[in-house]
Amino acid sequence: MKINRCLARPFFTMICLLTITSTNVMAQESNATLQETVNWLKSKTDLIVAVGAHLPKLESSMYYDITFELNSSGNGSFIWRNKETPKKPSAVERVNNPRLVKQNVPIEIAVSLSDLNPDKVEVSSVKSSTIMGDVMTWWQVKLLATNARPVIRWKGIEGDAKSEYLILVFQEKDMAERIARAFRHGIKLSGGKTDTAVKEPF
């Protein structure tokens, strides 16, 4: 599937996606407890190279070069916090670069595993081209809420938003697939449910 959407980096370097290729993540049984799963995911936080979500009315929904710290609990609640508190661009910067108005760099992202669908944890390869012409490949893990409900909380420099999915991007395919397996396992242990048919009133 080809798309021509451009992603904005915090330092205004443009990255244009060329292709996104989905891969199947093989199920792998694990005896890890929910706390062990959460702790393992927490230990891999520094490997996240980008995050994304569905942010209506914004030009950019993917943000690179952000370092996170993760607070978690045994019940499967996650809060990713930006280690470097981003600041709103000044009036002069907004005039010189109108694109900044349509960006909402994350300060904090929060999600509960019980709100996610264990069958909708997907891994995709993302091939991109920088303005220097270099082609790079990343691997993204997409977490989707049950029934696509907007329950993932995104606190950004331009205000708060809610998304039905969260994307975490990694450099290595193997790590992305391991992260996906861990999330799927944790979601099941947390009581996350698959999509259910919407009941019609008549």
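Residues are classed as buried at under 20% relative accessible area, as exposed at over 50%, and as partly exposed in between (1.4 Å probe, protein chains only). The model is predicted, so that local features need pLDDT of at least 70 and side-chain atom pairs count only at pLDDT 80 or more, while totals for chains, interfaces and linings use all residues. Residues are numbered from 1 along each chain as its sequence is written, and side-chain values use heavy atoms, with hydrogens and water left out.

Helices (H or I, at least four residues) and strands (E, at least two) are DSSP runs numbered from the N terminus. Strands are taken as paired if DSSP finds at least two bridges between them. Strand β7 (residues 106-112) is mostly covered, with five of its seven residues buried. Strand β6 (residues 77-82) runs antiparallel to β7 and is joined to β7 by five bridges; Phe78 has Val111 of β7 as its bridge partner. Strand β10 (residues 152-156) is also antiparallel to β7, through four bridges, and Ala110 has Arg153 of β10 as its bridge partner.

In helix α1, the buried residues are Leu34, Thr37, Val38 and Leu41. Seen down the axis of α1, these residues fall within an arc of 95 degrees, so they line one face of the helix; the arc is that of the directions from the helix axis to the C-beta atoms. The buried residues of α1 pack against β5 (68-72), β6 and α3 (173-189), where contact means heavy atoms within 4.5 Å. Ser43 is also placed in α1 (residues 34-43). A polar atom of the Ser43 side chain lies 2.6 Å from the backbone oxygen of Trp40. A polar contact is a pair of N or O atoms within 3.5 Å; within protein, one must be able to donate a hydrogen and the other to accept it, and residues adjacent in sequence count only if both atoms are side-chain atoms.

A nonpolar core is a set of buried Ala, Val, Leu, Ile, Met, Phe, Trp, Tyr and Cys residues joined through side-chain atoms within 4.5 Å. The largest such core has 37 residues, and those with the most contacts inside it are Phe78, Trp80, Val141 and Phe183. Helix α3 gives the most to this core, with seven residues. Apart from this core lies another, of eight residues, including Val49, Met62, Leu144 and Ile167.

A salt bridge is a side-chain nitrogen of Lys or Arg within 4 Å of a carboxyl oxygen of Asp or Glu. By this rule the count is four. One of the pairs is Lys83 and Asp46, at 3.8 Å, N to O. Lys83 lies in the loop between β6 and α2 (91-96) and Asp46 in the loop between α1 and β3 (50-53), so the pair ties together parts that are 37 residues apart in sequence. Lys83 is partly exposed at 47% relative accessibility, whereas Asp46 is exposed at 59%.

The side chains of Asp115 and Arg149 also meet in a salt bridge, at 3.9 Å, N to O. Asp115 lies in the loop between β7 and β8 (116-130) and Arg149 in the loop between β9 and β10, so the pair ties together parts that are 34 residues apart in sequence. Asp115 is buried, with a relative accessible area of 18%, and Arg149 is partly exposed at 34%.
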